[in-house]
Amino acid sequence: MSARHPIIAITGSSGAGTTSVQRTFENIFRREELTAAVVEGDSFHRYDRAEMRQRQAEAEKAGNKHFSHFGPDNNLFAELEELFRCYGETGRGRSRKYLHDPVEAKPYKQEPGTFTAWEEIGEGTDLLFYEGLHGAVVTPEVNIAKHPDLLIGVVPVVNLEWIQKLYRDKNVRGYSAEAVTDTILRRMPDYVHYICPQFTQTHVNFQRVPMVDTSNPFIARDIPSASESMVVIRFANPKGIDFPYLLSMIHDSFMSRANTIVVPGGKMELAMQLIFTPFIWRLIERRKRALGAV
């Protein structure tokens with residue numbers, strides 16, 4: 001954690017909805033006139049798309065049926081922790097971009113599925129903002145979770161997560177349902193060991209719960225809409241959270257536990273704005289004081 005160079009990290013599985021949460025924060029940064037160094041978790045994968053496919057085929061041939069993007073072997077955990085540590089200390093760091101599709105790749109004159117060169121980031125920024133799979137990973141070798149000033153988990157109930165992944169990968173990326181199902185199964189051990197434990201490290205978790213039947217996610221034709229969902233928001237430390245204010249501002253919300261508020265799915269962005277805008281104010285005020293003391 002750093003007073004002068006704060007870090008916000010959103011962590012969640014593939015298909016969890018972290019990208020939507022990122023857009024909410026971008027709106028807050030724009031309104032508050034803040035400049036963020038944005039880091040995508042995919043940029044810290046170890047292999048590009050072509051090499052990942054090759055290594056996956058080799059792993060399966062050798063009998064490894066659980067080779068995935070979720071685990072430590074296929075990610076640069078140490079480099080991600082070093083970025084967080086370095087940014088917290090200096091306001092600078094080293095990162096790159098992963099080019100997902102032709103639109104992203106065109107300005108760099110590279111193929112989709114490749115990485116840009118490593119470059120220095122952070123100059124002139126107010127904070128670092130990370131969105132990806134591993135913002136709160138803790139292993140015997142690394143402790144990424146100790147660096148962010150604000151750690152947010154986005155973790156729909158698992159059937160909804162799978163529905164969202166199936167829908168995105170089939171309709172946006174052109175994969176078959178069978179291919180997406182194979183990916184889900186292949187990732188399961190790493191999901192259990194490296195994704196789920198992160199949500200005990202986060203400061204706030206957002207879990208979307210559908211109010212419709214999702215008992216067989218593999219035959220679902222549509223993603224349950226926001227109006228068909230509720231969002232469970234759990235605070236690791238509820239001290240300082242003005243729950244009466246949140247309840248008064250978010251209609252049809254209620255407390256389910258002393259540290260948990262439940263809001264309608266369509267009010268998730270409003271809840272984030274109400275919860276995190278004051279927190280960002282405090283981070284930036286603390287930063288100004290720390291910089292003024294130098």
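This is a predicted model: local features need pLDDT of at least 70, side-chain atom pairs count only at pLDDT 80 or more; totals for chains, interfaces and linings use all residues.
Biologist: What makes the chain agree with a compact globule?

Modeller: With 294 residues, a compact globule would have a radius of gyration near 19 Å, and the chain has 19 Å, so the two agree. The C-alpha atoms fill a box of roughly 55 × 50 × 40 Å along the principal axes. Of the 294 residues, 48% count as buried. The chain exposes about 14,900 Å², and carbon and sulfur atoms supply 52% of that area.

Biologist: What does the chain contain in helices and strands, and how far apart in sequence are the residues that its contacts join?

Modeller: The secondary structure comes to eight helices and twelve strands. Among contacts between residues at least 6 apart in sequence, 74% join residues at least 24 apart.

Biologist: Why is Trp 162 called buried?

Modeller: Buried means under 20% relative accessible area. Trp 162 has 19% relative accessibility, and therefore counts as buried. Trp 162 is found in helix α5. Leaving aside neighbours within four places in sequence, Trp 162 is in contact with Ile 184, Met 188, Pro 217 and Phe 218.

Biologist: How far is Trp 162 from His 45?

Modeller: Trp 162 and His 45 are 21 Å apart in space, C-alpha to C-alpha, and 117 residues apart in sequence.

Biologist: How do you know that Asp 169 and Lys 165 form a salt bridge?

Modeller: The term needs a side-chain nitrogen of Lys or Arg within 4 Å of a carboxyl oxygen of Asp or Glu. For Asp 169 and Lys 165 the closest N and O atoms are 2.6 Å apart, so the pair qualifies. Both residues lie in helix α5 (residues 158-171), four residues apart, about one turn of the helix. Asp 169 is buried, and Lys 165 is buried too.

Biologist: What makes the pair Glu 51 and Arg 55 a salt bridge, and where does the pair lie?

Modeller: The closest N and O atoms of Glu 51 and Arg 55 are 3.0 Å apart, and the cut-off is 4 Å, so the pair is called a salt bridge. Both residues lie in helix α2 (residues 49-61), four residues apart, about one turn of the helix. Glu 51 has 29% relative accessibility and so counts as partly exposed. Arg 55 is also partly exposed, with a relative accessible area of 33%. A search of the whole structure finds nine salt bridges.

Biologist: What makes helix α6 short of a straight helix?

Modeller: Helix α6 (residues 177-195) has 19 residues, and a straight helix would reach 27 Å at 1.5 Å a residue. The end C-alpha atoms of α6 are only 23 Å apart, which is short of that span. A kink of about 50° lies at Met 188 in α6, shortly before the proline Pro 189.

Biologist: Which helices do the buried residues of α6 pack against?

Modeller: They pack against α2 and α5. Among the buried residues of α6 are Val 180, Ile 184, Arg 187 and Tyr 191.

Biologist: Why is Glu 33 called exposed, and what is its phi?

Modeller: Exposed means over 50% relative accessible area. Glu 33 has 70%, so Glu 33 is exposed. Glu 33 has a positive phi of about 55° although it is not a glycine. Glu 33 is found in the loop between α1 (18-31) and β2 (36-40).

Biologist: What about Asp 252: why is this residue called exposed?

Modeller: Asp 252 has 65% relative accessibility, over the 50% cut-off, and so counts as exposed. Phi of Asp 252 is near 70°, a positive value in a residue other than glycine. Asp 252 lies in the loop between α7 (243-249) and β11 (254-257).

Biologist: Is Thr 260 buried or exposed, and why?

Modeller: Thr 260 has 5% relative accessibility, under the 20% cut-off, and therefore counts as buried. Thr 260 is found in strand β12 (residues 260-264). Leaving aside neighbours within four places in sequence, the contacts of Thr 260 include Val 232, Arg 234 and Phe 254.

Technical notes
Residues are numbered from 1 along each chain as its sequence is written. Side-chain values use heavy atoms; hydrogens and water are left out. Helices (H or I, at least four residues) and strands (E, at least two) are DSSP runs, numbered from the N terminus. Buried means under 20% relative accessible area, exposed over 50%, partly exposed in between (1.4 Å probe, protein chains only). Contact means heavy atoms within 4.5 Å. The expected span of a helix is 1.5 Å times one less than its number of residues. The bend at a residue is the angle between axes fitted to the seven residues ending there and the seven starting there. The radius of gyration is taken over C-alpha atoms; the globule rule is 2.2 Å times the number of residues to the power 0.38. Accessible areas come from the Shrake-Rupley method with a 1.4 Å probe; for residues, only the protein chains shown count as cover.
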